[in-house]
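Below are a few notes on the ligand site and the charged pairs, in the order I would look at them.

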Amino acid sequence: MAHRLLWPIFGVIAAAVGMAVAHAVAAAVDISTSPVLSVGSAVIDLTPTPAKEWAIRTFGTKDKAVLVGSVLVAATLLSATAGLAARRRLRYGLAILGALVGAAAVAVAVRPAAAPADLVPSLTGAVVALGALTVLARARAADQRAGGRRGVLIAALALSVVGVSSAGTGRLLTRLRLRQDQVDLPAATDPAPVLPRGLDDQVPDVTPFRTANRDFYRVDTRLDVPILGVDDWTLTIDGDVERTVVLRFDDLLRMPMIERDITLTCVSNSVGGPYVGAARWLGVRLTDVLALAGVGSRADQLLSTDFDGMTISTPLALATDGRDALVCVGMNGVQLPREHGFPVRMVVPGLYGFISATKWLTRLTLTSYAEQEAYWTRRGWATDAPIKASARIDTPRGLARLDPGEVVIGGVAWAQADGGVAGVQVRVDGGPWQDAHLGPDGGNAYWRQWFHRWDAGPGSHTLAARAIDGAGRPQTAVRAEPFPAGASGIHQLFVDVG
Ligand SMILES: Nc1nc2c(c(=O)[nH]1)N[C@H]1C(S)=C(S)[C@@H](COP(=O)(O)O)O[C@H]1N2
Ligand SMILES: [Mo]
């Protein structure tokens, strides 16, 4: 071991063992109290919106991996510094390491739903980290007196065993808990019509008419996949209501169930982007659930809260205007996958997910925008954000090299807030807009597949597509970024033929 690296390595080992133990303890009690995950979430929450936008654009769905990596690099550097400081005087090192693990504990404590007991994993980890650094420093001092290095080696080895076995235990516990409750969903009392066969078999590479659960995009602020059980799940309806109501999962399942085909869209989706998916949702009408509590007259905001205190706001007038907003338990014929909000989430047709689609739902509060601000509202995002009509070209791919002759251009289009998709038009090289063929109609809240046969001549070409909404209006060509109310503009790509 090179001498200069010895002390920084002490710092890193101490911090790593502490965090591994803390994470394992959290995995045994409640994984959301893990300082490791909480630091990640805190970084997500504190990252300014433009930086978040940039990360999602640049790293796509790998943004979480990039975030975890950056936090690890920073933690390694800081703990190495603590080790270096401990070389001069153990107290200095302990102070820096203490600040580091203390910051992790703060991240746990400031979670919206935090309770004092949640600090147990962090404090355990802190004691272990500080103890480990002390042990290593003592061993080093003893070695120097004796003129060897056995003590340090043994201490480092022992601590590594503790760290690795804690990390393994943490993983194992999480894995065991991954076994999700299996629930028997009732049949819908108001089922959706049979979804017509889409163009999946007719148009190669077109996006499937229905998105399989495993292919459904996932966007949320969490680093873990929350593990909620149905037995202790409850939904509280409170705020400006005649009476506060608490529903258990069984209560919800006994209510009339509707089933609807709805295309969910993320406000962070850029033009032509992947954060949109279409599924068949099963659940109770939101208005039926609210009626149990009796909505008062002061509320203009429906504030929904997830199991960890994360909040999403929905304009109450829109959520209750007769559209089929759901307190949802099923997705494509099965219970909600954990990634998509098990056991219960909201789904509201026509509104971007960030103001409507609360996963891991536990509370519905009738309140006003003046009284309470939801998570994304505080970060400057819009409170009223209907999904913008849009067409996406899925085939051919941008920058594809194609053979001359017939090329089938195809994709999907959606206009959930504008009466559905009545048409799609395609434009080649800035020429006239031509009507594309539409796939079958899955309802106004659903997307529509489309295709257009194009006789491609040699050269470089620009392809563009636009949606025509239910009122016969073409989607806007005006470009907008996702922040604060959703991207707009025409999806356009370049191909080479020859
Ligand atoms: N609890 C919780 N619910 C959430 C979010 C979140 O971060 N936390 N993200 C929302 C956003 S921005 C979108 S677009 C949808 C995405 O749902 P999906 O991951 O099932 O596709 O969930 C919404 N519900
Ligand atoms: Mo979103």
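1. A polar side-chain atom of Asp306 sits 2.9 Å from a nitrogen atom of ligand 1. Please keep in mind throughout that this is a predicted model. The protein covers 99% of the 530 Å² of accessible area that ligand 1 has on its own.

2. The backbone takes part at this site as well. Val219 places a backbone N or O atom 3.1 Å from an oxygen atom of ligand 1. For Thr221, a backbone N or O atom is found 3.0 Å from an oxygen atom of ligand 1.

3. Which residues come nearest to ligand 1? Of the 20 residues around the ligand, they are Tyr217, Asp306, His340, Arg345 and Lys359. The space that ligand 1 takes up is the second largest pocket.

4. Now to the charged pairs. Side chains of opposite charge can pair when their charged atoms come close. The count for this model comes to 23 salt bridges, and a few of them deserve a look of their own.

5. Asp261 and Arg210 meet through their side chains in a salt bridge, at 3.8 Å from N to O. Asp261 belongs to strand 3 (residues 257-265), while Arg210 is in the loop between helix 7 (150-178) and strand 1 (234-239), so this pair ties together parts that are 51 residues apart in sequence. Since the cut-off for a salt bridge is within 4 Å, the 3.8 Å of this pair counts.

6. Are the two partners of that pair buried or exposed? Asp261 is buried, at 10% relative accessible area, whereas Arg210 is partly exposed, at 30%.

7. Another pair joins Asp220 and Arg218, whose closest N and O atoms are 2.7 Å apart. Here Asp220 is buried, with a relative accessible area of 13%, and Arg218 is partly exposed at 24%.

8. The salt bridge between Asp201 and Arg197 has its closest N and O atoms 2.5 Å apart. Asp201 counts as exposed because its relative accessibility is 63%, and Arg197 is exposed too, with a relative accessible area of 67%.

Methods
Residues are numbered from 1 along each chain as its sequence is written. Chains are lettered from A and ligands numbered from 1 in the order in which they are written. This is a predicted model: local features need pLDDT of at least 70, side-chain atom pairs count only at pLDDT 80 or more; totals for chains, interfaces and linings use all residues. Side-chain values use heavy atoms; hydrogens and water are left out. Buried means under 20% relative accessible area, exposed over 50%, partly exposed in between (1.4 Å probe, protein chains only). Helices (H or I, at least four residues) and strands (E, at least two) are DSSP runs, numbered from the N terminus. A residue is near a molecule or strand if one of its heavy atoms lies within 4 Å of it. A polar contact is a pair of N or O atoms within 3.5 Å; within protein, one must be able to donate a hydrogen and the other to accept it, and residues adjacent in sequence count only if both atoms are side-chain atoms. Accessible areas come from the Shrake-Rupley method with a 1.4 Å probe; for residues, only the protein chains shown count as cover. On a 1 Å grid over the protein atoms alone, a cavity is a set of points where a 1.4 Å probe fits but cannot get out, and a pocket is an open set with protein on both sides within 12 Å along at least five of seven lines; lining residues have an atom within 4 Å of a point. A molecule sits in a cavity or pocket if more than half of its atoms lie within 2 Å of its grid points.
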